Amino acid sequence: MRLDAYIVDMGYFKSRGRAKTAILAGSVKVNGAVVKKVSRDVASDDEIEVAEGLDRPQGYFKLKRIQEESEILQPGDRVLDLGSSAGGFILFASEIVGHVKGIEFSRDFRSELGKIAFERENVEIMFGDVFTVPLKTLSEEPVDVILSDMTLEPQDSIKALAWVLPLLKENGKLLQVIKLPKKKNPKPTLSKIEDLGLEILQVISSKKQEIYVIARKPGSGENEPVSGEKESESGEKEPEGMETDQN
Ligand SMILES: C[S@@+](CC[C@H](N)C(=O)[O-])C[C@H]1O[C@@H](n2cnc3c(N)ncnc32)[C@H](O)[C@@H]1O
């Protein structure tokens, strides 16, 4: 049997996709040797070793990396996760913060998200459309962090952001994932985020066709230029340089 299918059958991974990622990353050994060929033929008498903690949705590792670069999440934070999918962001955030509430449109993720909410006391899930649920239902109190990753066109991501922004505390932080082809200039989208009154702290690039924007909601009365901004030659404020992801 193929190695990727075999380790799914053995219960190490929920999907062939996750098994393949682990094999290609060199995290699977057959009879003591790392094997990176996903289709390698294995039999029941082969000894298989799989590194621990890898059977998680991709979003888990994405947010882990963003956290390493931005420290957007802090212990005790109240977090809102828009577009929770299989719960990668939720799983990672719930290891750090006080409370995470996720909203997901698709019922396809019902069992995965339900399991996470059942197993983790600090996780709450609701199913619905971010654009139509009453804000109060999303969160009864203001949140410290909003994570927004909804596979939408940039202009629709901004619309969703404008809708949920009243829920973010002053000085609260935002992670906005923006789907963007590599060659497309991010500045118009970044300007739209700033037009919502947010201060962009960091823009993290990735090998995927997306960028990760970390922003802050200024406190009322703040109008001084904030550190992290610099003046461009044209006099416009710009976030500090794009950080390049090697993942
Ligand atoms: C890229 S995935 C999010 C991945 C997630 N951050 C993770 O940790 O794995 C985008 C998700 O957003 C959901 N979504 C898209 N539009 C939505 C909406 N209007 N309301 C709620 N969820 C939405 C999609 O169903 C999809 O599951």
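**Ligand shell**

I began with the ligand and found that α4 (88-94) and β5 (99-104) each supply at least two residues of the shell around it. Helices here are DSSP runs of H or I with at least four residues, strands are runs of E with at least two, and both are numbered from the N terminus. I was working on a predicted model, where local features need pLDDT of at least 70, side-chain atom pairs count only at pLDDT 80 or more, and totals for chains, interfaces and linings use all residues. Residues are numbered from 1 along each chain as its sequence is written.

Which residues come nearest to the ligand? Of the 19 around it, I noted Gly59, Gly83, Ser85, Gly88 and Phe105; near means a C-beta atom, placed from the backbone, within 6 Å.

**Sheet**

Next I traced an open sheet of 7 strands with mixed pairing, in the order β6-β5-β4-β7-β8-β10-β9. Its edge strands, β6 (123-127) and β9 (199-205), each pair on one side only; pairing takes at least two DSSP bridges. I then looked at β4 (residues 78-82), which pairs with β5 in the parallel sense over 5 bridges. Leu80 has Lys101 in β5 as its bridge partner.

**Helices on the sheet**

I found helix α5 (residues 110-119) lying across β5 and β6, at about 150° to β6. Axes are lines fitted to C-alpha atoms, for helices over the stretch in contact, with angles from 0 to 180 degrees between N-to-C directions; contact means C-beta atoms, placed from the backbone, within 7 Å.

Notes. Two residues are in contact if their C-beta atoms, placed from the backbone, lie within 7 Å.
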